[in-house]
Amino acid sequence: MEVLRSVVVLLHLVGFAVTFGAWVAEAAARRFTTTRVMDYGLLVSLLTGLALAAPWPAGIALNYPKIGVKLVILIVLGGVLGMGNARQRRTGHPVPRPLFAAVGVLALAAAAIAVVW
Ligand code: HEM
């Protein structure tokens, strides 16, 4: 069971890496667009995060306020990505720069809270 939990934590980290990595790649290429890859990473983070939020194996202590804050950040991030994608489809242009910045800042903030809190 411990090994399985570690594998789910690893997948949870992959979700963050995919979202944040896709964001860094867009910034480095100076495209500043939100992408489907970011959505997929976020979905992986959400599904694995929910699996980890259940107290298994028995006896494990979880920090629920921390988990709740990360869930809120993830929902806001999903909203920002949804807005960005819709806007890009409508206008054919990259999202406004502050909206693009918000994606990276929120993803990194969630990871920082996970590690530091
Ligand atoms: C973008 C959003 C998220 C990021 C970047 C993120 C990042 C991380 C990271 C880096 C860890 C490993 C460090 C640690 O164990 O404390 C972790 C663990 C964890 N995350 Fe997240 N997370 C996110 C969203 C979520 C969500 C939405 C949930 C639940 C609804 C969640 C639940 C958990 C749980 C329960 C652990 C602890 C695993 C364990 O120690 O067994 N996470 N997260």
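What follows is a tour from the whole chain down to the ligand shell, the helix pairs and a few loop residues.

**Before you click**

This is a predicted model: local features need pLDDT of at least 70, side-chain atom pairs count only at pLDDT 80 or more, and totals for chains, interfaces and linings use all residues. Residues are numbered from 1 along each chain as its sequence is written.

**Stop 1: the whole chain**

Show the cartoon and colour by secondary structure. You get 4 helices and 0 strands, running α-α-α-α from the N terminus on. Helices here are DSSP runs (H or I, at least four residues), strands are E runs of at least two, and numbering starts at the N terminus. The C-alpha trace spans about 50 × 25 × 25 Å along its principal axes.

Now colour by burial: 22% of the 117 residues are buried. Buried stands for 20 or more other C-beta atoms within 10 Å of a residue's own, exposed for 12 or fewer, and partly exposed for anything in between, with C-beta atoms placed from the backbone. Among contacts between residues at least 6 apart in sequence, 72% join residues at least 24 apart. A contact puts two C-beta atoms, placed from the backbone, within 7 Å.

**Stop 2: the ligand**

Which residues are the closest to it? Pick out F16, G49, L52, A110 and A114, out of 23 residues that surround the ligand.

Colour the shell by helix next. α1, α2 (36-52), α3 (64-91) and α4 each supply at least two residues, and α3 gives the largest share, with 6. By class, the shell divides into 18 nonpolar, 3 polar and 2 charged residues. Ala, Val, Leu, Ile, Met, Phe, Trp, Tyr, Cys and Pro count as nonpolar, Asp, Glu, Lys and Arg as charged, and the others, Gly among them, as polar.

**Stop 3: α1 against α2**

Hide everything but these two helices. Two packed helices are described by the angle between their axes and the distance between the axes. For α1 and α2 the angle is about 155° and the axes are 8 Å apart. Axes are lines fitted to C-alpha atoms, for helices over the stretch in contact, and angles run from 0 to 180 degrees between N-to-C directions. The pair is therefore roughly antiparallel. The cut-offs are under 35 degrees for roughly parallel, over 145 for roughly antiparallel, 65 to 115 for roughly perpendicular, and oblique for the rest.

The crossing of α1 and α2 is left-handed; that is, the near helix is turned anticlockwise from the far one by less than a right angle, whereas clockwise would be right-handed. Show side chains along the contact: V8, L11, H12, F16 and W23 are among those on α1, with Y40, S45, T48 and L52 among those on α2. The contact counts 15 nonpolar, 7 polar and no charged residues.

**Stop 4: α1 against α4**

Helix α1 (residues 2-28) and helix α4 (residues 97-116) pack at about 150°, with their axes 9 Å apart. That angle makes α1 roughly antiparallel to α4. Their crossing is left-handed.

**Stop 5: the loop between α1 and α2**

Zoom in on R30, which sits in this loop. Its phi is near 55°, a positive value in a residue other than glycine, and R30 is exposed, with 7 other C-beta atoms within 10 Å. Move on to R31, in the loop between α1 and α2. Beyond its neighbours within four places in sequence, R31 contacts E26 and P94. Draw a distance from R31 to P94: their C-alpha atoms are 7.1 Å apart, though 63 residues separate them along the chain. F32, also found in the loop, has a positive phi near 55°.

**Stop 6**

Jump to Q88 in helix α3. Leaving aside neighbours within four places in sequence, Q88 is in contact with T33, T34, H93, P94 and V95. With 15 C-beta neighbours inside 10 Å, Q88 counts as partly exposed.

Finish at P57, in the loop between α2 and α3. A cis peptide bond joins W56 and P57, with omega about -5°.

Terms used
A residue is near a molecule or strand if its C-beta atom, placed from the backbone, lies within 6 Å of it.
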